[in-house]
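Please study the sequence and the structure before reading each solution.

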Amino acid sequence: MLNRRHIRVKVMQTLYAFNGTESDDFSKDQKFLLFSIDNMYNLYLLLMSLLIEINKKATTQLEISQKKILATDEEKNPNKKFINNQLIQLIVNNEVLKNEIEDKKINNWQLDDEYVDLLYKEILKSDLYKDYMATKTASFKEDKNFIIDIYKEIIAPNDKLYDYIEDKHITWLDDVPTVNTFILKQLKKLKETSDAHFLKPKLYKDLDDKEYAIKLFKKTLLNQTALAKEISSKTSNWETDRIASIDMVLLKMAICELLHFSSIPTKVTINEYLELAKEYSTPKSSIFINGILDKLLKQYEDEGKLNKVGRGLM
């Protein structure tokens, strides 16, 4: 679920938020970093449980309509295509996912059910729903495509849901796009024969990614003074307070990665931090950062400081 770019974002946020110093006691900062990363999995469960709750809402509404004293023929014999959607049923009946939701105590939608109601109504009035419900039967492929479409076009872009998620956990603000993209990929890959554990994804691709997150954080934090000197040596015409705080954090992280992560190609490091600068800092930050890193890279190459190993490192 988690990629290296998002790990860099998490480290950047932690370093920026805590403005850490070179102390051996950075347990609070590291705890926040790991919590922020681990909490992405809870966001995944929250959004998957939302699909389950929308299905429950639809089922309840249908049952209420059937029990009306003066129910119409259509209400007595409703089209159950939506509540019986085969993809949704795979999710609803997945015991592994259900246990994860219970273990992590993801009960938001029982407490804040107005968001379930809001999204359910948005689905009902959509053309996607009307076209889908035009018949009473569907193939697994049609059911799957419908759920993917409503997630992509109705649930994921909903502003009120986004605001709710942001209010619940500030660390989720930058996680939403990543998690939504991951869920869409999961839905597209889901098959009738998929193993139950398919809906219990790994947060990290492998142990190397978790070690990378901790190492990048520690190395940057513990070498703040030395990294600041490296930046200062290439910004003699700049006063430190003129450099945006987030730019300083990104530069320190990038320099740290160039010097201490032998398996990461220099081009990858520079490109990644330039992209982060474009997204999180000022309009001219990427140009500024690129200039500094380019100068330092040439210096390190001349001094033989770059001990890169592996393929694709040139």
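**Exercise 1.** Determine which residues of helix H10 are buried, and where they lie about the axis of the helix.

*Solution.* In this predicted model, helix H10 covers residues 159–168, and its buried residues are Leu 161, Tyr 164 and Ile 165. Viewed down the axis of H10, these buried residues fall within an arc of 95°, so they line one face of the helix. The face turned away from the buried side carries the exposed residues Asp 159, Lys 160 and Asp 167.

**Exercise 2.** Identify the parts of the chain that are linked by the salt bridge between Arg 4 and Asp 209, and classify each residue as buried, partly exposed or exposed.

*Solution.* First, the side chains of Arg 4 and Asp 209 meet in a salt bridge, at 2.6 Å from N to O. Next, Arg 4 belongs to helix H1 (residues 4–18) and Asp 209 to helix H12 (residues 207–222); the pair, 205 residues apart, thus links distant parts of the chain. Finally, the class follows from the relative accessible area: buried means under 20%, exposed over 50%, and partly exposed in between. Arg 4, with 28%, is therefore partly exposed, whereas Asp 209, at 3%, is buried.

**Exercise 3.** State how far apart Lys 98 and Glu 95 lie in helix H5, and classify both residues by accessibility.

*Solution.* The two residues form a salt bridge, with their closest N and O atoms 3.2 Å apart. Both lie in helix H5 (residues 95–103), three residues apart, which is about one turn of the helix. Lys 98 is partly exposed at 33% relative accessibility, and Glu 95 is partly exposed at 43%.

Conventions: Residues numbered from 1 in each chain as written. Predicted model: local features only at pLDDT ≥ 70, side-chain atom pairs only at ≥ 80, totals over all residues. Heavy atoms only, no water. Buried < 20%, exposed > 50% of the residue type's maximum accessible area, 1.4 Å probe, protein only. Helix = DSSP H or I, 4+ residues; strand = E, 2+ residues; numbered from the N terminus. Arc of directions from axis to C-beta. Salt bridge = Lys/Arg side-chain N within 4 Å of Asp/Glu carboxyl O.
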